[in-house]
Amino acid sequence: CTTCIVFGEVCSAGACGCPSQVICSASGCCPTSADVCDANDQCCTQVDPCTGSACGVVTNNCGQSITCDPCPVIASFATTPDTIDGGAIPPETATLNWSTSNATTCTVDDGSGPVGVNCNDSLLVGPATTTTYTLTASNATDAEDSAQVTVTVQYCHSITSPGSTCT
């Protein structure tokens, strides 16, 4: 196989003395069809880099770029409004809105533990105190993206005059 001219060329069965279709390297025929030539033109047995939480384009142990499942992405996570009056009657609320892509599971956590939600949705909240919400989006390989928004709670009703706004 050392007569192969093109880096990474595939040998046909019987060519260069190879018993089956394998990859050629400067050092000869790689022993299995799972092998590839690395950056030094040596045989390298690939290890699947698309395990665990790997996503997107990653580099395997042989120096090759491999495309795994796409990473989950939180495109937006916002609250409207971001400040509410905690003493208003009726109680004021805020709406959390979010959109994601490439996510199979999503949760919202207000600090008391994550709650499963749809990955493109909204949630009406009325916290008693200022609260930070964390949205976590994950895919089938458990890769994650997360984002946070804070709903600020002020008690303006007792310190502002009628018709004024909470600042």
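I started with burial, where buried means under 20% relative accessible area, exposed means over 50%, and partly exposed covers what is in between (1.4 Å probe, protein chains only). By that scale I found Trp-98 buried, with a relative accessible area of 4%.

A note on provenance before I go on. This is a predicted model, in which local features need pLDDT of at least 70 and side-chain atom pairs count only at pLDDT 80 or more, while totals for chains, interfaces and linings use all residues. Residues are numbered from 1 along each chain as its sequence is written, and side-chain values use heavy atoms, with hydrogens and water left out.

**Entry: the aromatic pair**

How many aromatic pairs does the structure hold? I found one. Rings of Phe, Tyr and Trp (its six-membered ring) pair if their centres lie within 6.5 Å; planes under 30 degrees apart count as stacked, over 60 as edge-to-face and the rest as tilted. Phe-77 and Trp-98 have ring centres 6.2 Å apart and planes at 75 degrees, so I logged the pair as edge-to-face. Phe-77 sits in strand β8 and Trp-98 in strand β10, 21 residues apart, and the pair thus links distant parts of the chain. I use DSSP runs for these labels: helices are H or I with at least four residues, strands are E with at least two, and both are numbered from the N terminus. Phe-77 is buried too, with a relative accessible area of 12%.

**Entry: the core**

Next I looked for a nonpolar core, that is, a set of buried Ala, Val, Leu, Ile, Met, Phe, Trp, Tyr and Cys residues joined through side-chain atoms within 4.5 Å. The largest one has 16 residues, and Phe-77, Leu-96, Tyr-133, Leu-135 and Val-151 touch the most other members. At least two residues of this core come from each of β8 (73-80), β10 (94-101), β11 (105-109), β14 and β15. In soluble globular proteins, nonpolar side chains tend to be buried together.

For strand pairing I require at least two DSSP bridges between two strands. Five strands form an open sheet with mixed pairing, in the order β9-β15-β14-β11-β12. Its edge strands are β9 and β12 (114-117), each pairing on one side only. From one strand to the next the twist averages 25 degrees, where axes are lines fitted to C-alpha atoms (for helices over the stretch in contact) and angles run from 0 to 180 degrees between N-to-C directions.

I walked across the sheet from β9. Three bridges pair β9 (residues 83-85) with β15 (residues 144-154) in the parallel sense, and Asp-85 has Gln-154 as its bridge partner there. β15 then pairs antiparallel with β14 (residues 131-138) over eight bridges, with Thr-132 opposite Thr-150. β14 and β11 are antiparallel over five bridges, and Cys-106 has Ala-137 in β14 as its bridge partner. Finally, β11 and β12 run antiparallel with four bridges, where Cys-106 stands opposite Val-117 and Asp-109 partners Pro-114.

Which residues of β11 lie on its covered face? I noted Cys-106 and Val-108 there, and Thr-105, Thr-107 and Asp-109 on the uncovered one.

The hairpin of β11 and β12 has four residues between the strands, and Gly-111 in the turn has a positive phi of about 100 degrees. The β14 and β15 hairpin has five residues between its strands. Asp-142, in that loop, has a positive phi near 70 degrees although it is a residue other than glycine; at 56% relative accessibility it counts as exposed.

Asn-102 is also not a glycine, yet has a positive phi of about 60 degrees. I placed Asn-102 in the loop between β10 and β11, partly exposed at 40% relative accessible area.

Last, the cis peptide bonds. One joins Thr-80 and Pro-81, with omega about -15 degrees, and Pro-81 is in the loop between β8 and β9. Another runs from Ile-89 to Pro-90, with omega near 0 degrees, and Pro-90 is in the loop between β9 and β10.
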